[in-house]
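Subject: Structure to look at

Hello,

Please find the structure below, together with its sequence.

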Amino acid sequence: MSRIADAFARAKDDRRAALVIYLSAGDPDLETTIALVLAAAEAGADIIELGVPFSDPSADGPSIQRASERALASGTTLTGVLGAVRTIRESTSVPILLFGYYNPIITYGEARLVTDAKEAGVDGFLVVDLPPEECAPLHGPALAAGLDLVPLVAPTSTPARVEAAASIASSFIYYVSLTGVTGARAVALGEAAERANALSQQVGLPVALGFGVKTPADAAEVAAHADGVVVGSAIVDAAAAADGQQAKVAAVRELVTGLAAAMAK
Amino acid sequence: MTDTTVEAGRFGPYGGRFVAETLVPALDELSRAYAEARADEAFEAERLDLLAHYVGRPTPLYRARGLSEELGLEVWLKREDLCHTGAHKVNNTIGQVLLAKRMGKERVIAETGAGQHGVATATACALLGLRCEVFMGEEDVRRQAPNVRRMALLGAEVHPVTSGSRTLKDAMNEALRDWVTNIANTYYCVGSAAGPHPYPAIVRDFQDVIGREAREQILSRTGGLPDAVVACVGGGSNAIGIFAAFLGDEKVRLIGVEAAGEGVTTPHHAAPLGHGRVGVLHGMKTYVLADEHGQIQEAHSVSAGLDYPGVGPEHSWLKDTGRAEYVSIEDGEALTAFHWLASSEGILPALESSHALAYLRPLSKRLPAGSVVVVNLSGRGDKDPETVQRVLEEQTS
Ligand SMILES: Cc1ncc(COP(=O)(O)O)c(C=O)c1O
C-alpha cells in the first residue's frame with residue numbers, strides 16, 4: 001500500500017478524516033517551505049500537497065496565484081522542489097503529493113520526473129490540467145514506479161467521467177466542492193461533503209474534499225462526512241500574512257493544529 | 001492525414017483537452033451543441049444571412065496595383081478589413097454567439113488582446129441580446145484604448161486583468177477562471193483557433209469562409225489557383241481561416257507569418273512556431289514560448305493581437321507535416337509595411353496584418369516574377385495610429 005493510501009487507512013482506523021494540507025513550494029523560498037512542511041506534519045497534517053509553481057495557474061484564485069508568483073520570483077523550479085522533498089525526507093515520512101500544472105512536467109519529461117520524484121521521496125502527483133483521457137504519459141510511469149496519480153472529480157463530472165477517474169485512481173480521489181477556482185468561498189460545504197461520501201461509497205476509494213475549506217469549523221463540517229479534508233488557500237494566506245520564517249511557521253502550525261483538533265471531535 | 005474534424009479533437013499529436021475536470025463536461029456539451037447546430041438548416045441560414053447582410057460578406061479580393069507593380073508579383077488582398085467591426089474576428093463571434101444563444105446561455109465572456117475580438121464579441125452580443133463581459137490585460141487596455149471605448153459603447157463590461165504579464169495570455173487565464181466559476185449560465189467565446197478541443201475546430205470552421213471565398217474569387221478573376229497564400233499568425237484564426245480551403249491544393253504554398261518582435265534572437269518575440277517548444281497552454285498541446293523549466297514566457301510584439309506565447313494546434317501540425325511554412329517579421333518591418341500599404345494603396349492595415357504584408361518583400365525574391373500571391377488583410381488599422389506614433393517617437397528620441 002502506498003504511503004498516501006496508508007494515511008487514509010490509518011485515519012479511518014482512528015474514525016476520523018485525513019487532513020490534507022496544501023503549501024505553495026517556494027513561497028517565498030524553499031527553505032521556508034521545508035520548515036512549513038515539517039511544522040504542518042507535526043501539527044497533525046496526514047498528507048502534504050506541495051504546489052509546484054506555474055506561470056499560468058488558470059485553475060487557481062488570487063491567493064495561490066500570488067503565492068506562485070512569489071515562488072517563481074525566488075527562482076523555484078521543479079528540480080528545486082524535488083531537492084526540498086529530499087531534505088524533508090531526512091526528518092519526516094509524511095506522504096507528499098506534488099500538485100501542479102502539466103507544462104513544467106512535460107518540459108522535465110514524464111518518465112524522468114517519476115524516476116527523480118520517487119528517488120526524492122515523493123508519493124504521488126495531482127495535475128490540475130491533466131484529465132484522465134490525457135494522462136497516460138504520466139500515469140504509465142507513475143503506476144509502474146508505485147507512485148499515485150490522484151484524479152479530480154468535479155460537481156459537473158458525469159457518471160462516465162467518475163468511472164474514468166476511478167479507473168486511474170490508486171489511493172484516493174480529490175473531489176472539488178464547487179465550480180470555481182481555488183480559494184473561492186464555498187457555500188453548503190456539508191452538502192458537498194455528503195456528495196463526496198456518496199462518491200466514495202460508489203467507487204470504493206477514499207474521497208477527499210477540497211476548495212473552499214478555510215476554518216476549523218469548515219473542516220469539522222466536511223470531516224463529518226468525507227474521508228479527507230483539503231485546506232489550501234487558507235494555509236497559504238496564513239503564511240503570507242505572517243512576516244518572516246519563524247512567524248510563518250507559527251501561523252501555519254496554529255492553523256493546522258486548530259484544523260486537526262476540530263476534525264478529531 | 002489525421003482526422004481534424006470537430007469530433008476528433010486532435011491535429012496529429014497536438015490539440016486535445018488539458019483543462020480542469022470541471023470544464024471537461026462543458027466542452028463535451030459544447031461539442032454536441034456545435035454539431036447539432038451545424039446540422040440544423042435554420043441555424044446555418046441565420047448565420048449565413050448575418051454574414052452576408054450584417055458583416056458584409058463576401059469581402060472583396062482586391063488586386064493591389066501599387067504593390068504588384070513594385071514587387072513584380074500579382075498581389076491580391078483578401079479584404080477582411082472591410083468586415084463590420086474592421087477585422088475577421090466577427091466571422092467567428094457571429095457563429096459562436098448564435099451558438100451560445102441556441103444553448104440557452106445568458107452571459108458570454110471573451111478574452112481579447114488587440115481588442116478586436118472583444119469588440120466583435122460585444123457586437124454580436126448586442127445584436128443577439130446577450131450579456132457580454134470581456135477580459136483584457138491591463139497592458140493591452142492601455143495600448144488599445146479606442147477598442148476599450150468601443151466595447152463599452154456596445155454595452156460590454158471590460159475587466160482589466162492585472163495578473164502575470166497583463167496581456168492576452170493572462171486575459172485567457174482569467175476568462176478560464178470565470179468560466180469554471182460560472183459554467184452553468186456562461187458561454188466562453190474563444191477568439192482564436194486555440195484553446196481546448198473543440199474550440200480550435202469550431203473557430204476554424206467559422207473562419208474558413210475567408211479561404212472558400214478567396215479560392216473562388218481568385219479562380220474566377222485569374223483562371224487559376226494562387227502560388228502562395230500569406231497570413232499573419234497570432235493564435236492562428238485568420239491564417240487557418242484562409243488556409244483551410246487550400247489545404248488540398250498541394251501546389252499552393254501556405255505561409256504563416258509570426259511576430260518576431262525585437263528579433264527572434266532576443267527574448268522579445270512572439271514566434272512559438274519558429275522558435276518555441278512543444279508544451280501545454282490554455283488547454284491545448286502545441287508550440288509555446290517557455291523556458292527550460294516549462295514556465296511560459298511573455299511574448300512581445302508591437303501588435304497586441306499577435307502578442308501571444310502559444311498558437312492554435314492545427315498550425316503546429318501543419319508546421320510539422322510541412323504543409324504550411326512559418327516565417328517571422330520584426331516590429332520595424334511591420335511598421336514599414338503599415339506605411340507602405342497606406343501610401344501605395346490608400347489602405348491602413350492593422351499592425352497584425354502588416355506582418356503578412358511585410359513578408360511580401362522577402363517572398364518576392366523567392367518566387368518567379370508574376371507569381372500570384374493572396375494576402376489575408378485580416379483587419380484595418382484605425383485602432384493603430386497611436387501605437388505607430390508612439391513607436392516613431394521612441395525611435396527618434
Ligand atoms: C486584425 C487582426 N489580425 C490578426 C489577429 C491575430 O489573431 P489570429 O491569429 O487568431 O488571426 C488579430 C487579433 O487580435 C487581429 O485583430
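The notes below go through the contact between the chains, the salt bridges, the aromatic rings and the cysteines.

The model is predicted, so local features need pLDDT of at least 70 and side-chain atom pairs count only at pLDDT 80 or more, while totals for chains, interfaces and linings use all residues. Residues are numbered from 1 along each chain as its sequence is written, chains are lettered from A and ligands numbered from 1 in the order in which they are written, and side-chain values use heavy atoms, with hydrogens and water left out.

The two chains

Contact here means heavy atoms within 4.5 Å. By that rule, 34 residues of chain B touch 33 residues of chain A. The size of an interface is often given as the accessible area lost when the parts come together. Buried area is that loss, taken with a 1.4 Å probe and summed over both parts. For chain B and chain A it is about 2,700 Å², with 52% on carbon and sulfur atoms. Glu21(B), Arg177(B) and Gln295(B) provide 24% of the area that chain B buries against chain A, more than any other three residues.

Salt bridges

A salt bridge is a side-chain nitrogen of Lys or Arg within 4 Å of a carboxyl oxygen of Asp or Glu. How many are there over all chains? The count is 44 salt bridges. Between chain B and chain A there are three salt bridges. Arg10(B) and Glu134(A) form a salt bridge, at 2.3 Å from N to O.

For the next points, buried means under 20% relative accessible area, exposed means over 50%, and partly exposed is in between (1.4 Å probe, protein chains only). Helices (H or I, at least four residues) and strands (E, at least two) are DSSP runs, numbered from the N terminus.

In chain A, Arg253(A) and Glu42(A) form a salt bridge at 2.9 Å, N to O. This pair links distant parts of the chain, 211 residues apart: Arg253(A) is in helix H12 (residues 245-264) and Glu42(A) in helix H2 (residues 30-43). Arg253(A) is partly exposed, at 33% relative accessible area, and Glu42(A) is exposed, at 60%.

In chain B, the closest N and O atoms of the salt bridge between Glu80(B) and Arg57(B) are 2.8 Å apart. Glu80(B) is in the loop between strand S4 (74-79) and helix H4 (89-102), and Arg57(B) is in the loop between helix H2 (41-55) and strand S3 (61-63). Both residues, Glu80(B) and Arg57(B), are buried. They belong to a network of salt bridges that links Arg57(B), Lys78(B), Glu80(B) and Glu213(B).

Another salt bridge joins Asp307(B) and Arg143(B), with the closest N and O atoms 2.8 Å apart. Asp307(B) lies in the loop between S12 and helix H13 (313-321), Arg143(B) lies in helix H6 (residues 138-143), and 164 residues separate them. Asp307(B) is buried at 4% relative accessibility, and Arg143(B) is buried at 12%.

Aromatic rings

Rings of Phe, Tyr and Trp (its six-membered ring) pair if their centres lie within 6.5 Å; planes under 30 degrees apart count as stacked, over 60 as edge-to-face and the rest as tilted. The search finds 11 aromatic pairs over all chains. Why is the pair of Tyr14(B) and Tyr287(B) tilted? The ring centres are 5.8 Å apart and the planes are at 35°, so the pair counts as tilted. Tyr14(B) is in strand S2 (residues 14-18) and Tyr287(B) in strand S12 (residues 283-288), 273 residues apart. Tyr14(B) is buried at 4% relative accessibility, and Tyr287(B) is buried at 12%.

Tyr287(B) also has the charged end of Lys319(B) over its ring, 5.3 Å from the centre. The rule for this is NZ of Lys or CZ of Arg within 6 Å of the ring centre and within 35 degrees of the ring normal.

In chain A, ring pairs link Tyr22(A), Phe99(A), Tyr174(A) and Phe211(A) into a cluster.

Cysteines

A disulfide is a pair of cysteine sulfur atoms within 2.5 Å. The structure has zero disulfides over all chains. The sulfur of Cys125(B) has its closest cysteine sulfur in Cys132(B), at 4.1 Å, which is too far for a bond. Cys125(B) is buried, at 1% relative accessible area.

Regards

Methods:
Buried area is the accessible area (1.4 Å probe) that two parts lose on being put together, summed over both.
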